[in-house]
Amino acid sequence: MIKSTLIFRNDGLPLSGSVDDDTDPSLTEQKKKVKLIISRITPNSETRASIESDNYQIHYLMLDSIIYFAICEKSYPRKLAFSYLAEISNEFSQSHGADSLRSDTRPYAFVSFDNYMKKTKKIYQDQRAQSNLDKLNSDLADVKAVMSKNIEDLLYRGDSLDKMSDISSSIRLESKKYRKAAHKINFDLLIQQYAPIVGVGLFIVFLVYWIFLRG
């Protein structure tokens with residue numbers, strides 16, 4: 001189940017949030033952790049990530065300087081969570097995207113967006129939605145590549161949300177090096193394989209020229 005939805009600007013300004021059960025201390029604690037997570041996000045951070053926190057998972061999607069959070073029960077499917085965030089981000093971008101980036105924007109200036117979040121959340125709570133994952137945002141259906149962290153690693157051990165990006169970049173660079181090395185090896189093998197044949201051919205041509213054409 002989706003317990004809460006929060007929308008922040010990447011500078012930490014809260015833009016909107018769902019109306020939740022404020023009497024639930026565990027949910028209140030997760031909202032505090034969301035604010036801490038924002039402080040750890042950098043321009044190099046993953047644009048999508050899932051962070052385990054107690055009995056919850058905090059999923060976020062970062063698009064165009066806006067960060068969309070969904071606090072869900074740990075058992076709630078990640079595919080649904082990111083499909084939900086994709087719909088929320090798409091609607092918010094169309095409705096309030098430009099206004100939300102203005103320098104004079106006040107905190108929670110778009111609290112009325114809760115009406116849309118409430119309707120969308122209801123759809124994603126429906127059991128029928130969970131049985132039709134393949135029909136929900138096929139472009140986000142594969143979440144295997146979504147970075148996953150533990151809240152303790154992130155907040156208390158000092159891990160960075162862009163750590164995985166650094167690793168991915170390193171792997172890509174190494175792959176390019178290996179590809180170049182492989183191409184060079186293949187080229188060298190071709191030279192070794194055909195150089196004698198070419199050499200013999202040139203010798204024969206030279207010999208024919210010397211014997212028959214020189215005079």
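Strand 1 (residues 2–9) runs antiparallel to strand 5 and is joined to it by seven bridges, where strands are DSSP runs of E of at least two residues, helices are runs of H or I of at least four, both numbered from the N terminus, and two strands pair if DSSP finds at least two bridges between them. The model is predicted, so that local features need pLDDT of at least 70 and side-chain atom pairs count only at pLDDT 80 or more, while totals for chains, interfaces and linings use all residues. Residues are numbered from 1 along each chain as its sequence is written, and side-chain values use heavy atoms, with hydrogens and water left out.

Two residues separate strands 4 and 5 in their hairpin, and D64 in the turn has a positive phi of about 50°. Seven of the eight residues of strand 5 are buried (under 20% relative accessible area with a 1.4 Å probe, protein chains only; exposed is over 50%, partly exposed in between).

The whole structure holds seven aromatic pairs, meaning rings of Phe, Tyr or Trp (its six-membered ring) with centres within 6.5 Å, stacked if the planes are under 30 degrees apart, edge-to-face if over 60 and tilted otherwise. The Y60 and F69 rings, with centres 5.8 Å apart and planes at 50°, are therefore tilted, and both residues are buried. F92 and F113 instead pair edge-to-face, at 5.1 Å centre to centre and 80° between the planes. Because F92 lies in helix 2 (residues 78–100) and F113 in the loop between helix 2 and helix 3 (114–125), this pair ties together parts that are 21 residues apart in sequence.
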